[in-house]
Amino acid sequence: MSKSQSMSLLVQGYEVVIGFETHTQLATQSKIFSRAPTAFGAEPNTQASAVDLALPGTLPVMNREAVALAIRLGLALGSHIAEESVFARKNYFYPDLPKGYQISQFEIPVVQGGEVSFFLGDDKKTVRLVRAHLEEDAGKSLHEDFIGQSGIDLNRAGTPLLEIVTEPDIRSSAEAVAYAKELHKIVTWIGICDGNMQEGSFRCDANVSVRKPGEPLGTRREIKNLNSFKFMQQAIDYEVRWQIDQIEDGHTIQQATVLFDPDTGETRAMRTKEDAADYRYFPDPDLPPLVISRDWVEQVRAAMPELPRAMAERLVRDYGLPEYDATTLTQSPAMAAYFESAAQASGQAKLVSNWIMGEVSRRLNADEGDIARVPVSAAQLAALVGRIADGTVSNNAAKQVFDALWTGEGSEVDAVIEAKGLKQMNDSAALEKILDEVMAANADNVAQFRAGKEKAFNALVGQVMKASKGKANPQQVNELLRQKLG
């Protein structure tokens, strides 16, 4: 365990211990053991084949693409990819589980070990992984549309999942959310999952326990199906407080599966938690061991994109960016590509970074937009940044140009600058004339500055900018004014 993890923040004198299980729906066209489609939103039971329905005589056949996507994750997280892994039957009864068991992996998973690293503020954290195993999803019970009955929709039955399981390395709700966001970024970046949490493509379960520092691990309760980062933090915070209150009141924690209710902000027990023995795992006799050749692993590796962590390191190295900028700009492949295109065209990497993290992100957030469909192209941003760098426009004037580009009022940077009369005054003779007039009209401020009051200088600069209608170059104003004031 890293030093940063051992030096945990305590809550009311207790250490929080969290492990994560994340069900990642794999981006295949068909299900893991059948040819039924996996598209979201179809009418109930229109995407369930005879295999998904567990009709007598049907046999599962492994989806090769699901395995390739599992290999991708293993490569991205530095895991060991097992040459041979085994599918098992996980036995339990539920109305939306037609076979009476789920095909999963137990003793020998396909992806073993690995880690996810991320920043929480300035601190680098690392969460170790136990495994990632392939399995099929169950169907869905529908309670809202039926009075006194439940409907069963088997469209999801057999959808391929990769369950990613961590060691209990997480020590706060903030760390848990940062881990989940980083994992979400990785699985979408490498294209194995669409990451749509509302549609259930990326579902997290948090195993939460508390203990006094130095004591053995406490009894955990598993919060199921956390499908938003906001609810994740709220649920964990509530559960931690609840467990501490129980212990402080002299009660023992019972291992259980709990659900989070966003309306009340509380967790509530759903059932006592099963252990592995309760599921009576045994190897599935219908599926042979999954054998993955090293050649196949290398083929998948050759087709992998540059990973976000490696790209961030390259942006620091090649563009001289601070690590914070590089980490922010590698939130998605689209954002990274937008930055690189604008930075290369303008030669102003840091200025481009500032604009993407500032004005571009602010407007995208306000419009709930996507960087992949940003109204201002990378070429337009590069041209605008170039005009700031060469002194044609001030930063404030550039924001007006950017607004025109964003709303479609203009499409060409220089034409917008001209049409709006935003060009900075770079004529030093005209500027000196304004400076002389301002100094003559503000003799008090001149005297105060010469007496050592810096605020008086800022007042003079403000008067010059006002007299020039904001078109004077602030840097040039500062330099010339200081010269004149001696």
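**Strands, rings and holes: what the words mean here**

Modeller: Five bridges join S2 to strand S12 (residues 160-166), and the two run antiparallel. Thr24 stands opposite Leu162 in S12. Before you ask: this is a predicted model, in which local features need pLDDT of at least 70 and side-chain atom pairs count only at pLDDT 80 or more, while totals for chains, interfaces and linings use all residues. Residues are numbered from 1 along each chain as its sequence is written, and side-chain values use heavy atoms, with hydrogens and water left out.

Biologist: What makes S2 and S12 a pair?

Modeller: The rule asks that DSSP find at least two bridges between two strands. S2 and S12 have five, and S2 has 10 with strand S13 (residues 202-211), also antiparallel. Val16 has Val210 as its bridge partner in S13.

Biologist: How do you know that strand S1 (residues 10-11) pairs with S2, and why is S1 called a strand?

Modeller: S1 and S2 share two bridges, in the antiparallel sense, and at least two is what pairing takes, so they pass. As for the name, a strand is a DSSP run of E with at least two residues, and a helix is a run of H or I with at least four, both numbered from the N terminus. S1 spans residues 10-11, so it qualifies as a strand. In the hairpin of S1 and S2, two residues lie between the strands, and Gln12 takes a positive phi near 50°.

Biologist: Why is S2 called largely enclosed?

Modeller: Buried means under 20% relative accessible area, with exposed over 50% and partly exposed in between (1.4 Å probe, protein chains only). In S2 (residues 14-25), 12 of the 12 residues are buried, so the rest of the structure largely encloses the strand. In a regular strand, side chains alternate between the two faces of the sheet. In S2, Tyr14, Val16, Ile18, Phe20, Thr22 and Thr24 point one way, while Glu15, Val17, Gly19, Glu21, His23 and Gln25 point the other, and all are buried.

Biologist: Which residues of helix H14 are buried, and how do you know that they line one face?

Modeller: Asn445, Val446 and Phe449 are buried in H14 (residues 443-450). Looking down the axis of H14, the buried residues fall within an arc of 105°, so they line one face of the helix. That arc is taken from the directions from the helix axis to the C-beta atoms. After H14 comes Gly452, with a positive phi near 105°.

Biologist: What makes Trp355 and Phe402 an aromatic pair, and which type are they?

Modeller: Rings of Phe, Tyr and Trp (its six-membered ring) pair if their centres lie within 6.5 Å; planes under 30 degrees apart are stacked, over 60 edge-to-face, and the rest tilted. Trp355 and Phe402 are 5.5 Å centre to centre with 55° between the planes, and are tilted. The pair links distant parts of the chain, from helix H9 (residues 349-367) to helix H11 (residues 395-407), 47 residues apart. Both Trp355 and Phe402 are buried.

Biologist: Why is the pair of Phe402 and Trp406 called tilted?

Modeller: The ring centres of Phe402 and Trp406 are 5.7 Å apart and the planes stand at 40°, so the pair counts as tilted. Both sit in H11, four residues apart, about one turn of the helix. Trp406 is buried, as is Phe402. The structure holds nine aromatic pairs.

Biologist: How many cavities are counted, and what makes a hole a cavity or a pocket?

Modeller: On a 1 Å grid over the protein atoms alone, a cavity is a set of points where a 1.4 Å probe fits but cannot get out; a pocket is an open set with protein on both sides within 12 Å along at least five of seven lines. The count is one cavity of 30 Å³ or more. The largest cavity has a volume of about 80 Å³, where volume is the space filled by probe spheres set on grid points joined across faces, edges and corners. The second largest pocket has about 860 Å³.

Biologist: What makes a residue part of a lining, and which are closest to the centre of that pocket?

Modeller: A lining residue has an atom within 4 Å of a point. The second largest pocket has 29 of them, with Ala178, Lys181, Glu182, Lys185 and Gln331 closest to the centre. H3 gives the most to this lining, with eight residues.
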